[in-house]
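Please keep the model open while reading.

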Amino acid sequence: PIQLSYGLCRRAVACGIMTFRYTVPDRVPDMAKKAGKALLEAAKDAPESAKKSTAKEVSPENCVAELQKDLLRLFLENTGDFRVVVEEPGKVTRGMDGIDEVTFKVLKGILCKRSAVFAQMLSPGHADPGNPIDSVTFKHVTAQAAKSFLQFLYTGAVTLEAPHVAGVAKLADAYEVPSLQAIVTGWLEEHLTPETVCPIFMSARDDAAEHMNMATLVEDCLLYMDANAPKCLPHMHTLPDDALNEILSRESLCVTEEQLIEGLLSWVEKRHRSSESVAALLRTHTNMDLVDAAWKRDRKS
């Protein structure tokens, strides 16, 4: 019995699960005394990593991570007492039949705790007692932007992507979520690149006239393209003609005639745009008289 107990306890001590204070009375046989002393030595010699394993399992960081997982599961269940209806750009909402409509069912309590605007909107004194507010509509944002915004309200975490970040920024401003505003600002400072600037610009452009923060984001994108025009040109083929003409007409665009011609012609070579559309852009935005003669000869050859 002593050997069995000692073996089990030794493993427990080695794993950091148990610690012992062992007192050996005089009447205990020598064999038990030796087992007790060995058990104390095992406790002393147990690796620090093993002793701390239990503490790690219940650390604040792990508790927060588990809470986030539970809240994310709750959000993804799409059950709640409040509806968020998303009218995506270019799509027509046709009511509760679900055609061309994206609806998220969420909990009022979470929205109110995370957003001062929702708290005021859904407060007992704000709504008509006989006609309580049970839904809100997000207009001119993508369903993915709305999902990212609502997921942040639930979990405090968000994954941002260039095509949707402007929509998330718009919702964070409209519903006064300062922590998300800070995350979006930091993301833009780090991820505004020649590859991402065009989709960010387009997603913010439609709302620039109505929302000051979107107008600021549009201007930031334009200034970035001005300063990095040669690097941005290979990616500008994705822009619609009106946006493209707006950008190429800017006097502050830091690009030479040769760089602009090379960039536009590359769209034809890579089959991003037709030769006709590129020819129209060349006629509008380039001046062949300003092109270096040596460059013309090299290009012809």
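Is the crossing of H11 and H12 left-handed or right-handed?

## Helix pair

The crossing of H11 and H12 is left-handed (the near helix is turned anticlockwise from the far one by less than a right angle; clockwise would be right-handed). Helix H11 spans residues 197-205 and helix H12 residues 212-227; they pack at an angle of about 150°, with axes 9 Å apart. H11 is therefore roughly antiparallel to H12 (angles over 145 degrees). Axes are lines fitted to C-alpha atoms over the stretch in contact, and angles run from 0 to 180 degrees between N-to-C directions.

From H11, residues including Ile200, Phe201 and Ala204 meet residues of H12, among them Leu217, Val218 and Cys221 (heavy atoms within 4.5 Å). By class, this contact of H11 with H12 has 12 nonpolar, no polar and 1 charged residues.

## Basis of the model

The model is predicted: local features need pLDDT of at least 70, side-chain atom pairs count only at pLDDT 80 or more, and totals for chains, interfaces and linings use all residues. Numbering starts from 1 along each chain as its sequence is written, and side-chain values use heavy atoms, leaving out hydrogens and water.

## Strands

Strand E1 (residues 82-87) pairs with E2 (residues 102-106) in the antiparallel sense over 5 bridges. Pairing requires at least two DSSP bridges. Arg83 has Lys105 in E2 as its bridge partner.

E1 also pairs with E3 (residues 135-139), in the parallel sense over 5 bridges. Here Val86 stands opposite Phe138.

## Loop residue

Thr159 lies in the loop between H8 (143-155) and H9 (162-174). Thr159 counts as exposed because its relative accessibility is 62% (exposed means over 50%, with a 1.4 Å probe and protein chains only).

Key
Helix = DSSP H or I, 4+ residues; strand = E, 2+ residues; numbered from the N terminus. Parallel < 35°, antiparallel > 145°, perpendicular 65-115°, else oblique. Nonpolar A, V, L, I, M, F, W, Y, C, P; charged D, E, K, R; others polar. Buried < 20%, exposed > 50% of the residue type's maximum accessible area, 1.4 Å probe, protein only.
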